[in-house]
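Work through the exercises below with the structure open. Each task is followed by a solution in steps.

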Amino acid sequence: MTKPTAILTARDTSVSGRAPQRHRLLVGLLAGVAALAVAVLLSLFVGANPIAPDDVRAALLGTGSDEADFVVWDQRVPRTVAALAVGAALGVAGALMQAFTRNPLADPGILGVNAGAGFAVAVGLAFLGVRAPGDIAWLACGGALVVTLVVYAIGSGGREQSSTARLTVTGVAFGAVLAGLTTGIAITHPDAFDRMRGWNAGSLLERDLGVVVPVLPFLAVGLVLAAASARSLNAIALGPDVARAQGVSVTRSRILVLAAVTLLAGGATAIAGPIAFVGLVVPHLVRWSVGSDQRRILGGSVLVGCVLVLCSDVVGRIAVLPGEMPVGLVTAFVGAPVLIALARRRTASGL
Amino acid sequence: MPLPLAHRRRLVAVAALSIAALGLSACSSSSASTPSDTATSATHVMEHAHGETSIPDAPKRVVVLEPVQLDTTVALGITPVGAAVLNETAGVPTYLGEEAADIPTVGTVAEPNVQLIAAAKPDLIIGTESRHSALYDQLSEIAPTVFMATQTDPWRDNVQFVAEALGDPDGADELLDAYDARCAEIAKEHDTAGKTAQLIRPRDGVLTLYGPTSFAGSTLECAGFTTPEHAWEDISLDLSPERVLEAKADQVFVTSVDPDDTSTLPASLTANTDAFPELHLVDQSFWITGVGPLGGMAVLDDLDRLLSDGS
């Protein structure tokens, strides 16, 4: 199991030498942690309500006014927690999908996870009378899980070599069908459409801890599975045949990755609704700075995913005062130019 | 090649089912029909947002494509033979009464079904230029069609337009006079002068405040309340829940699909009940979408009840 890393490390070493590589990693790690700390502080101190930083500090220390307490503890703290959970989950899910499909344009939505969650939410809103954000979260999680299982059942048959492509095609096809059905429900049930609109844009508003905390165990398991699959993903990066020759079970790592992506993307979607571009852009940013070792990429994706979602949410809070813009819209605005810039760098998308 | 046949069969079955489902939903059209000949009586020319049209003086079979048109037509004592509704599952709003409940729906306000409208054999169709402009030619082949300009115009003007199209302009004045009288009654009974009131519609996590030019906002003002000052964007204003305290007023009304269920109150309001001593959940089916004289009366009755409970 150590061979593939050895090969990759050797390749890295030949380019930059081992000591500078370590040095660069450490700098990257420190920069990532610092950026995360700044993003968390921004998320606590900046929002639609222009209360003074001193009042926010007082509220954090437990001596704030009623209004500051409400803004900080009822609004900003839960949103910050939700943004951290969603950002980490989407970043890692995106990195896993890109490594697994060896396709730099893959994102978690490719397995139909978002479409499944969206369809389940539409059915719940239109036919089952579901209304509470907490119940919507469970529907989204369940829908994501069922669709991934169905996609896996249909797409995983046949010869092993072709099955990554088959899974992808099945997922995309299934996602398209479900998205169509969801649109059909939305058009014939304007009430459901009205309530779905907020969820569909991807928003962290009204996501109190009661919505976020129940999903955290799913995300934690997903992150553990992702970490467990990192080594075999390094081998798969060299092609399934090489991976098998090195003793990596492709089937086993495939199940690990799919389970992790479902839990992470499904959980994130359950909390915030579908948030575009995070899963796509984050792994590119990370690969560009840490190279091609999946263990580093996955770790970096946690940090960068959190920073991207936190900062996007902060921008959304002050973009259309006195209202708010859903974070999903902001990530689309931020993500698209970043993706274009990365695509223009020839080396950035290498997998 | 292990398994491919079984897989293919499964896929074919899935595809066949999907196609069957699509086919079923597409087959609900009804036979085309010619314009009705019942309107043989006198006609006159009416000027409207899409031009000039010759319409019957006393139309009997009316199709309406907008909530304010449905409300006004029913209020004037004419039961439409077809109405486009906001929500086909919910159908005609219940506040319009039992007789209105049997009015056949002809698609949604956003997408009226031309075939269903033709099947209703109308002698007059009333629509809205801003929404149904593209359908005008098709509709005018079915029956004389008049369009009001937009649904965002002051609703009293739209009531007057509909009454004119129905050949009953005095009826509109009577309805609006009755509405104003009810307003004055409530203003006197509850001594609303000098007090503020705010209608909030929770939507997508933000709070939409309705201003004095909105339907419900104008009804609150008609009943003597003043609306707190805000930088209104057209009829309303979106407010972040962080700034919920800016929505404060002496009386605050929050719309809900189920006003009896207090969990439909947004968390930002329940966390600040001290700042909102007079907080009422109200039915959005008439407070928001019940535009028209009957909806206005329903809002005023509800307002009367809520203010009586509170005091």
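**Exercise 1. Describe the overall make-up of chain B.**

Solution. In this predicted model, start with burial: 45% of the 311 residues in chain B are buried. Next, count the secondary structure: chain B has twelve helices and twelve strands. Then look at contacts with a separation of 6 or more: in chain B, 60% of them join residues 24 or more positions apart.

**Exercise 2. Trace the open sheet of five strands in chain B and find its edges.**

Solution. Step one is the strand order, which reads S5-S4-S3-S6-S7 in chain B, with parallel pairing. Step two is the edges: strand S5 (105–108) and strand S7 (145–148) of chain B each have a single partner strand, so one side of each lacks a neighbour in the sheet.

Strand S3 (residues 62–64) of chain B pairs with strand S6 (residues 124–128) of chain B in the parallel sense, over three bridges. Within this pair, B:Val63 has B:Ile125 in S6(B) as its bridge partner.

Helix H2 (residues 67–75) of chain B lies across S3, strand S4 (82–85) and S6 of chain B. The angle between H2(B) and S3(B) is about 145°.

**Exercise 3. Locate the two domains of chain B and work out which elements of domain 1 touch domain 2.**

Solution. First set the bounds: the domain assignment gives domain 1 as 43–167 and domain 2 as 176–310 in chain B. The centres of these two domains of chain B, taken over C-alpha atoms, are 28 Å apart. Contacts come next: 14 residues of domain 1 of chain B meet 13 residues of domain 2 of chain B.

On the domain 1 side, H2 and helix H7 (155–165) of chain B are the elements that give two or more residues. H2(B) gives the most, with six residues. By residue type, this side of domain 1 of chain B divides into ten nonpolar, two polar and two charged residues.

**Exercise 4. Characterise the side of chain A that touches chain B.**

Solution. Begin with the totals: 27 residues from chain A and 26 residues from chain B take part in the contact. In chain A, helix H4 (66–101), helix H7 (163–188) and helix H8 (190–201) each supply at least two residues. The largest share, five residues, comes from H4(A). Sorted by type, the residues of the side of chain A that touches chain B are eight nonpolar, ten polar and nine charged.

Definitions and conventions. Residues numbered from 1 in each chain as written. Chains lettered and ligands numbered in written order. Predicted model: local features only at pLDDT ≥ 70, side-chain atom pairs only at ≥ 80, totals over all residues. Helix = DSSP H or I, 4+ residues; strand = E, 2+ residues; numbered from the N terminus. Buried ≥ 20, exposed ≤ 12 C-beta atoms within 10 Å, placed from the backbone. Contact = placed C-beta atoms within 7 Å. Nonpolar A, V, L, I, M, F, W, Y, C, P; charged D, E, K, R; others polar. Pairing = 2+ DSSP bridges. Axes fitted to C-alpha atoms, helices over the stretch in contact; angles between N-to-C directions. Domains from an automatic or database assignment.
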